[in-house]
Amino acid sequence: MPSHTEAAAAVDLLSESMLELWQERDPFRAAPFGYPAAARLLPQYGESAVERRRHALTSLAAQARAVSEEGLDPQRRLTREILIEQSESAAQLMAADTEVFTVNLPREFSAASVVRGMTKTAVVDEQSGLAYLARLRQLPAFLDTDLGLLDRGVAEGRAPLRRPLEVTLAELDGHLSTELGDDPLLGVLRGEWDGAAAWRDAAERVVAEIVRPALARFTSRVRQAVLPEARGDDRPGLCWIPRGEEAYAAFLREEITLPVDPLRLHEEGLATMAEIGAELSRLGRAVLGESDPAAIVERLRSDLSLAYTSGEDALAAAAASMADVEAALPGFFARELPHCEVAAMPAATAKHYGGGQYMPGAADGSRSGVFYINTTGTRFRHEVRGMVTGGAVPGSHVFWSYAFAADVPAFRRVAFVPAFVKGWASYGGRLALEMGQFSDPLEELGFWAKQAVNAARQVVDTGVHAKGWTRDAALGYLIAHTALSQRDAETELSRLIAMPGEGPIFAFGGRQIAAARAEAEAALGAAFDLGRFHDHLLRDGAMPLATMRARMTEWARSTATA
């Protein structure tokens, strides 16, 4: 039997391996988080690369299970549990072979989003310039691999959807229509150094001679061989394709981390929506003179008297909301938290996102998180505070602030356990209500409208992928039950179709965290301290929901007997 020292060393080594696999799987996310080696990589999704990574994850999980918990310190026991869940769920998803039919624009690894991700890079010095050139040179091989996957999906009856293919082609056509000197892939130079001019010349040659011909080949082949076989809007869900049920189960496992029945999730989402409808009716009667939830969300969506007069006004309101909620944090958290910046969303990103987007800072603390508000189109007075509180503070920004400061293995600081991370964002929005951040009745009405979006995500995700809803049916549900604009609803729906299993994580994860809190409050009574509860919940980063519940139960027990 391995000694305690050997067991601890084994967990540490497996943690390092998991970080390397994460950087390989998601280099676009790894590089901004402070892992510069990933800046040279593109996602590798060829059959041999996926099989190698799946085998590595399966082996990692088996090795972690073989390590006895006995003798491990509490942090390594927790690390072992997270290693097992994350590696097993990722391997299960890879085995479902989802890349052959997923090409939707929001998908992280589609051709258009990879190209767009590269244009967001900042080349500031020789090191970052060399890394970017390495990525550029890999792009043709990535495109060829993606073509091979799409061709195989067509051959197996698992073709992608027509609509996102058309959007992808239009975006790539627009890219290719630019003059070489204006190519977005060359617009990444942000700094000057002795070799900057030579770097620009080298990058221009790579783009002209290698990248643009590869993009042209990709778009031509997709039009000729993939688009004619693509699925229409009448069959957007996984349930319509061979092995779709297996794929959906794998997505749900990775996103939620608990065994769930998608049909039960659907019914739970409908029940939650009914509860939210009652709150909308109560507040709508007082604020708008309306009691019908459908009429209320229509007013919130279309009544321009409720809108800001400009994007600049919406941005200022977001900044003011951020200042208000940050001032209210003491007492609700047991430590001082870093400020979250507020900025206008870049135009290139704004075309593909709804009202707001949070971007975490660097894992080493060298760069703070930023909440971007989409200042294009119409922004309403009832929506901005809800976006800030769920999307940033006390939502996502607070989570990442804790995660990056955690004294845990590096892979756990950046681990993205979706139901925990997005569940905290949902819980954070409700916490802001408890903190008195929605004293304005219109903004409180907007809070409940935001909760309706989370419930609708759960209903629509399961409706599309498990029950076979058409795109029109899903869009109709979003419009009828939320205050999302037509544009934002379509953007949201495209994401739910492209990223199966993501829809339920907001409401489901938030309910799990709230349940853990309710159990702790019941166990501790007057001794319950909310700041200490939040501190213990977040101090070790994201973790599977079952692990989180057990850990918080043990915290309440030990606190009660201390």
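## The second largest cavity

Leu161, Arg163, Pro164, Gly232, Asp233, Pro236, Arg471 and Ile497 form the lining of the second largest cavity in this structure, which is a predicted model. The space inside the second largest cavity comes to about 40 Å³, and the lining divides by class into 4 nonpolar, 1 polar and 3 charged residues. In total, the structure contains 2 cavities of 30 Å³ or more.

## The second largest pocket

The second largest pocket holds about 340 Å³ of space. Its lining is made up of 13 residues, and those closest to the centre of the pocket are Pro74, Arg77, Leu78, Arg551 and Glu554. Two or more lining residues come from each of the helices α4 (74-95) and α23 (545-561). Sorted by class, the lining of the second largest pocket comprises 4 nonpolar, 3 polar and 6 charged residues.

## A three-stranded sheet

An open sheet is built from 3 strands in the order β1-β3-β2, with mixed pairing. Because β1 (341-344) and β2 (356-359) stand at the edges and each has a single partner strand, one side of each is left without a neighbour in the sheet. On average, and with direction ignored, neighbouring strands of this sheet are turned by 25° against each other.

Strands in a sheet pair through hydrogen bonds of the backbone, and the pairing can be parallel or antiparallel. Here β1 and strand β3 (residues 370-373) run parallel and are joined by 4 bridges; for alanine 344, the bridge partner in β3 is isoleucine 373. Helix α12 (residues 311-327) packs on the sheet, where the helix touches both β1 and β3, and the direction of α12 makes about 170° with that of β1.

## Methionine 322 in helix α12

One of the residues of helix α12 is methionine 322, which has a relative accessible area of 1% and therefore counts as buried, the cut-off for that class being under 20%. Leaving aside residues up to four places away in sequence, methionine 322 touches His339, Cys340, Val342, Phe371, Val388, Ala392 and Val393. Among these contacts, Val342 falls within the range of β1 (341-344), while Phe371 falls within that of β3 (residues 370-373), and these are the two strands that α12 touches as it packs on the sheet.

For a sense of distance, methionine 322 and proline 409 are 87 residues apart in sequence, and their C-alpha atoms are 31 Å apart in space.

Definitions and conventions. Residues numbered from 1 in each chain as written. Predicted model: local features only at pLDDT ≥ 70, side-chain atom pairs only at ≥ 80, totals over all residues. Heavy atoms only, no water. 1 Å grid on protein atoms, 1.4 Å probe; cavity = no way out; pocket = protein on both sides within 12 Å on 5 of 7 lines; lining within 4 Å. Points joined across faces, edges and corners; volume = space filled by probe spheres on them. Nonpolar A, V, L, I, M, F, W, Y, C, P; charged D, E, K, R; others polar. Pairing = 2+ DSSP bridges. Axes fitted to C-alpha atoms, helices over the stretch in contact; angles between N-to-C directions. Contact = heavy atoms within 4.5 Å. Buried < 20%, exposed > 50% of the residue type's maximum accessible area, 1.4 Å probe, protein only.
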